[in-house]
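Here is a friendly walk through the charged side-chain pairs of one protein model. Have the coordinates open and follow along.

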Amino acid sequence: RRQVVRSVRDRVRHRFDLTFREIAEVQRPLGVVMALSTVGSDPTVVRAALDKVRCYVDDDPRCVLGSADLDVFRWEPSAQGWIAALGIHVEGEPDE
């Protein structure tokens, strides 16, 4: 199992520009939970890239893709946007 996971990880990272991480081991000896991420300015392009990776992994005969959750998040380039969204107060900044 470890060899297959490393092989798939290396092939995916080599072919696609993304981050690949094993995030949890399931109780089944042959199962693994992986997270992949990438960034881009166009959500459609990001979603298409992640779909290509999903198809690439699903086409590998050594892998059985149990399920895949695909989320695309919009990033607010303003630090103030993130600070406000998280409800954090920054010293020296006026409260809104």
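## Salt bridges in the model

In this predicted model, Asp10 and Arg9 pair through their side chains in a salt bridge, with 3.2 Å from N to O. Both partners are partly exposed: Asp10 has a relative accessible area of 40%, and Arg9 has 25%.

How many salt bridges does a search of the whole structure find? The search finds four.

| Pair | N to O distance |
|---|---|
| Asp10 and Arg9 | 3.2 Å |
| Asp60 and Arg11 | 2.8 Å |
| Arg54 and Asp51 | 2.6 Å |

Next comes the pair of Asp60 and Arg11, whose closest N and O atoms are 2.8 Å apart. Is Asp60 buried or exposed? Asp60 is buried, at 7% relative accessible area, whereas Arg11 is partly exposed, at 35%.

Within helix H2, Arg54 and Asp51 lie three residues apart, about one turn of the helix. Their side chains meet in a salt bridge of 2.6 Å, N to O. Arg54 is partly exposed, with a relative accessible area of 32%, and Asp51 is also partly exposed, with 24%. Elsewhere, salt bridges with shared partners link Arg11, Asp60 and Arg62 into one network.

How values were computed
Residues are numbered from 1 along each chain as its sequence is written. This is a predicted model: local features need pLDDT of at least 70, side-chain atom pairs count only at pLDDT 80 or more; totals for chains, interfaces and linings use all residues. Side-chain values use heavy atoms; hydrogens and water are left out. Buried means under 20% relative accessible area, exposed over 50%, partly exposed in between (1.4 Å probe, protein chains only). Helices (H or I, at least four residues) and strands (E, at least two) are DSSP runs, numbered from the N terminus.
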